[in-house]
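Open the model in your viewer and keep the selection tool at hand. This tour goes from one selection to the next.

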Amino acid sequence: QVQLVESGGGLVQAGDSLRLSCAASGRTFTMYIMGWFRQAPGKEREFVAAISGSGGNTYFEDAVKGRFTISRDNDKKTVYLQMSSLKPEDTAVYYCAARWAVSGRSYFTDRTDYNYWGQGTQVTVAS
């Protein structure tokens, strides 16, 4: 079992940067693949980024490649989403998610593959 708590959301201007954090509970954090998803009003929850348990492999949705980075500090049991060059279309509630690692897979992009979710943090990008 793992519990996730996101923080760091807020209101920013287009072009600004923001870093989201997701603090996890539990003793086996390194065994979890971590992901970030987002959901804009009236839209489906969509994949943003994922990172393997060791942190050595990352994967990004095309719309955020080159602007967002994902990292993790396993000692602190925390995963981060660094967002730069933010655009109004990045406005959404951002969710942290976790799933148990599977041999041969370093990331998952489908929200149904994740077992644990945080409560979400709002990111609003003003134009």
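The stops below cover the disulfide, the salt bridges and a pocket.

This is a predicted model, where local features need pLDDT of at least 70, side-chain atom pairs count only at pLDDT 80 or more, and totals for chains, interfaces and linings use all residues. Residues are numbered from 1 along each chain as its sequence is written, and side-chain values use heavy atoms, with hydrogens and water left out.

**Disulfide.** Select cysteine 22 and cysteine 96: their sulfur atoms sit 2.1 Å apart and form a disulfide (cysteine sulfur atoms within 2.5 Å). The S-S torsion is about -80 degrees, so this disulfide is left-handed. Cysteine 22 is buried at 0% relative accessible area (buried is under 20%, exposed over 50%, partly exposed in between, with a 1.4 Å probe and protein chains only). Cysteine 96 is also buried, at 0%.

**Salt bridges.** The count is five (a side-chain nitrogen of Lys or Arg within 4 Å of a carboxyl oxygen of Asp or Glu). Select arginine 38 and aspartate 90, whose closest N and O atoms are 2.9 Å apart. Arginine 38 is buried at 6%, and aspartate 90 at 1%.

Move to glutamate 44 and arginine 111, a salt bridge with closest N and O atoms 2.9 Å apart. Glutamate 44 is exposed at 57%; arginine 111 is partly exposed at 34%.

Finish with lysine 65 and aspartate 62, bridged at 3.1 Å.

Where next? Select Arg38, Ala40, Lys43, Glu46 and Glu89, the closest to the centre of the largest pocket among its 13 lining residues (a pocket is an open set of points on a 1 Å grid over the protein atoms alone, where a 1.4 Å probe fits, with protein on both sides within 12 Å along at least five of seven lines; lining residues have an atom within 4 Å of a point).
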